[in-house]
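Subject: Structure handover

Hello,

Here is the structure I promised you. Please open it next to this email and follow along.

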Amino acid sequence: MTSTPSPAAAHPPEQGALRRFIAKPEFGPLVLLVVMLVVFTAINPAFLSLNNIGNALTFTVELGLIALAMTLLMTAGEFDLSVGSVFGFAPVVMWAFFNAGLLPLPAAFLVAMVIALGIGLVSGLFVTRLGIPSFLVTLGMLLVVRGSALWLTSGFPQRTWDAGDQWLATLLVGDFYIGGLRVYMSLIWFILLAVAFHVLLTQTRFGNWVQATGGNPGAARNRGVPIQRVKVILFMLSAAMAALAGIISSIRVSAANPNSGTGYELEVIAMVVIGGTVLSGGRGTIIGTVLGVLILRLMRNGIVLIGVPGLAYNIFIGAIILGMMALHAALERRHNAGT
Amino acid sequence: MTDTPLVEMRHIQKSYGRVHALRDVNLTIRRGEIVGLLGDNGAGKSTLIKVLSGAVPYTSGEIRIKGQPVTMTSTNDAISAGIETIYQDSALVPQLSIARNLFLGRELTKGSLGRLDLDRMNQVAADLLKRVGISKNIPPTTPIGSLSGGERQAVAIARAMYFDSDLIILDEPTNNLGVAETQGVLRFVREARDTGHSCIFIAHNIHHVFQVVDRMVVMRRGTVVADDLSPKTSSIQDVEDVITGDHILV
């Protein structure tokens, strides 16, 4: 360093690139994930085994699918508390139609997805047309949808073990082996959709509108961006992804329980904010959300493997959320200090 | 052709319930002139601008643009008629880059899937920043949030110029700006006029208005009380008297 007269001038691109990388919202979660992997593996090498990783990824994707859509919705400045209820409700509808012999499985699947889109549409219209905060609208929707699932089934799970020979079930949750790693189709779906959502948010006109809608709704409207339509579409997308995730889950565990998905909404929102998406809107990152999904799920898995009582899991999650929020706030302050 | 005014607002009335915000307002903007719109708080300036930018519907009256009667029911109507309004705090999205803000709502795309042509957007933005003389070398990928107030105004005005708006409405463009930045914005406004754009300039600071406008229109209590004050023939004191209504008493 001393031999170079001006190190800053000698390596400006490297330093700039490094600083830009650190300033990115994904940097914090990435460091946290790496630290977690190192610590867990050091304490219990079984953590990094193919078997364990394969299992952890399987459970990961169901919440991850919802988190992808939630990232876009939160970037546009809204959030959806009803995703956990839709997660439980959609499979119940699908299997109820199928088990009663009313519809073949693909048709029942379509009906469930259309109903989910309708739920999202209603939430979106309440938020945009009536100007009611999404917290209240989706809280109401959470209760309505969960209540419908319970009422429809009288509280009993729907059987799903006839799914084995259905092509749709294979398409959604079939498995195959890559080397020694058992891979479920749902993981492939998650990867494909994560890439699609990332491109949608960062590379398309619609993605630009989503960020503008959350960042400065007044400016977006003045520029002719249909901010209400953007929000309604995102509410529908989030409900549809929750339904898809619920259906995948019901096939995997061979039960459509009207109570499943309870509390998922908060876990999904936690994943999204840990990944660096801002709760107040305007800035969102799919890469960060994928990291957030992995952090929460591997944490759940790793804590058990290293011998911490499973019941203590929430303490760690809560601490991580608080820590990440403090980090993001600090970065934000430093970022804005120059203006 | 040149005699046709760019914008004619005739007998515009606007009521909010029983509140009469605009009473029989007539306003004419010619091509290539900068008109200062002045008036005390509540005089009706904002309402008039919102009517002209399509943000609020008017109760009755007629708006002609280049001689053609138009109906303004949304901001999109105004934008497509060539009227660009730059509001002080709702012009730009702080989280998005300069290029993405420039093209917000009119993004350049490639292919049929609505993919942004980011290379071309950044290229155009960089050229534009150079052309409008933003002196510092700011890359077009910089988020608006890290620009100064004057630079933000410059970006917003540059956007209006790039999209060939005939009329640029500036709502309090010099508020909260330093001296140098204010001069930059005023230079920008003159540049916009010199390239053939008309401007409506709304500001509380009469000194700023005097430095840049060709003509001043004064509103009081929902009506236009003067529309031909020139900074060459009137003093600041004269104009202030018209704004407050003191000239009637004298």
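One definition before the findings: two strands pair if DSSP finds at least two bridges between them. Please also keep in mind that this is a predicted model.

**The hairpin in chain B**

Strand 11 of chain B and strand 12 of chain B form a hairpin. Two residues lie between the strands. Arg221(B) sits in the turn, with a positive phi of about 50°. Strand 11 covers residues 215-220 and strand 12 covers residues 223-229. The two run antiparallel and are joined by four bridges. Within that pairing, Val218(B) stands opposite Ala226(B) of strand 12.

Strand 11 of chain B also pairs with strand 3 (residues 34-39) of chain B. This pairing is parallel and runs over five bridges. Val218(B) turns up again here, as the bridge partner of Leu38(B).

**The open sheet in chain B**

In what order do the four strands of the open sheet stand? The order is 2-1-4-5, in chain B, and the pairing is antiparallel. Strand 2 (19-29) and strand 5 (68-70) of chain B stand at the edges. Each has a single partner strand, so one side of each is left without a neighbour in the sheet. From one strand to the next, the twist averages 30°.

Strand 4 of chain B spans residues 60-65. Its antiparallel pairing with strand 5 of chain B runs over three bridges. Look for Arg64(B), which stands opposite Pro69(B) in strand 5.

Strand 1 of chain B covers residues 7-16 and contains His11(B). The phi of His11(B) is near 50°, a positive value in a residue other than glycine. His11(B) counts as partly exposed, because 13 C-beta neighbours lie inside 10 Å.

**Helices 4 and 13 of chain A**

Now to chain A. Helix 4 of chain A and helix 13 (residues 264-274) of chain A pack at an angle of about 65°. Their axes are 9 Å apart. Angles of 65 to 115 degrees count as roughly perpendicular, and the two helices are therefore roughly perpendicular to each other. Helix 4 of chain A passes helix 13 of chain A in a right-handed crossing.

Which residues make the contact? Helix 4 of chain A brings Leu63(A), Ile66(A), Ala67(A), Met70(A), Thr71(A) and Met74(A). From helix 13 of chain A come Tyr264(A), Glu267(A), Val268(A), Ile269(A), Met271(A) and Val272(A). By class, the contact has ten nonpolar residues, one polar and one charged.

Is helix 13 of chain A mostly buried or exposed? Ten of its eleven residues are buried, so the rest of the structure largely encloses this helix. Among the buried residues are Glu265(A), Glu267(A), Ala270(A) and Ile274(A). After helix 13 of chain A comes Gly276(A), which has a positive phi near 110°.

**Val61(A)**

Back to helix 4 of chain A, which covers residues 50-75 and includes Val61(A). Val61(A) is buried, because 28 other C-beta atoms lie within 10 Å. Leaving aside residues up to four places away in sequence, Val61(A) touches Ser186(A), Leu187(A) and Phe190(A). Trp167(A) is 106 residues from Val61(A) along the chain, and the C-alpha atoms of the two are separated by 20 Å.

**Ser154(A)**

One loop residue deserves a look. Ser154(A) is found between helix 7 (134-153) and strand 1 (158-159) of chain A. Its phi is near 55°, a positive value in a residue other than glycine. Ser154(A) counts as exposed, because it has 7 C-beta neighbours inside 10 Å.

**Where the chains meet**

Last, the interface. In all, 21 residues of chain A are in contact with 23 residues of chain B. Helix 10 (205-215) and helix 11 (217-222) of chain A each supply at least two residues of the side of chain A that touches chain B. Helix 10 of chain A gives the most, with six residues. By class, this side of chain A has five nonpolar, twelve polar and four charged residues.

Best wishes

How values were computed:
Residues are numbered from 1 along each chain as its sequence is written. Chains are lettered from A and ligands numbered from 1 in the order in which they are written. This is a predicted model: local features need pLDDT of at least 70, side-chain atom pairs count only at pLDDT 80 or more; totals for chains, interfaces and linings use all residues. A residue is buried if 20 or more other C-beta atoms lie within 10 Å of its own, exposed if 12 or fewer, and partly exposed in between; C-beta atoms are placed from the backbone. Two residues are in contact if their C-beta atoms, placed from the backbone, lie within 7 Å. Axes are lines fitted to C-alpha atoms, for helices over the stretch in contact, and angles run from 0 to 180 degrees between N-to-C directions. Angles under 35 degrees count as roughly parallel, over 145 as roughly antiparallel, 65 to 115 as roughly perpendicular and the rest as oblique. A crossing is left-handed if the near helix is turned anticlockwise from the far one by less than a right angle, and right-handed if clockwise. Ala, Val, Leu, Ile, Met, Phe, Trp, Tyr, Cys and Pro count as nonpolar, Asp, Glu, Lys and Arg as charged, and the others, Gly among them, as polar.
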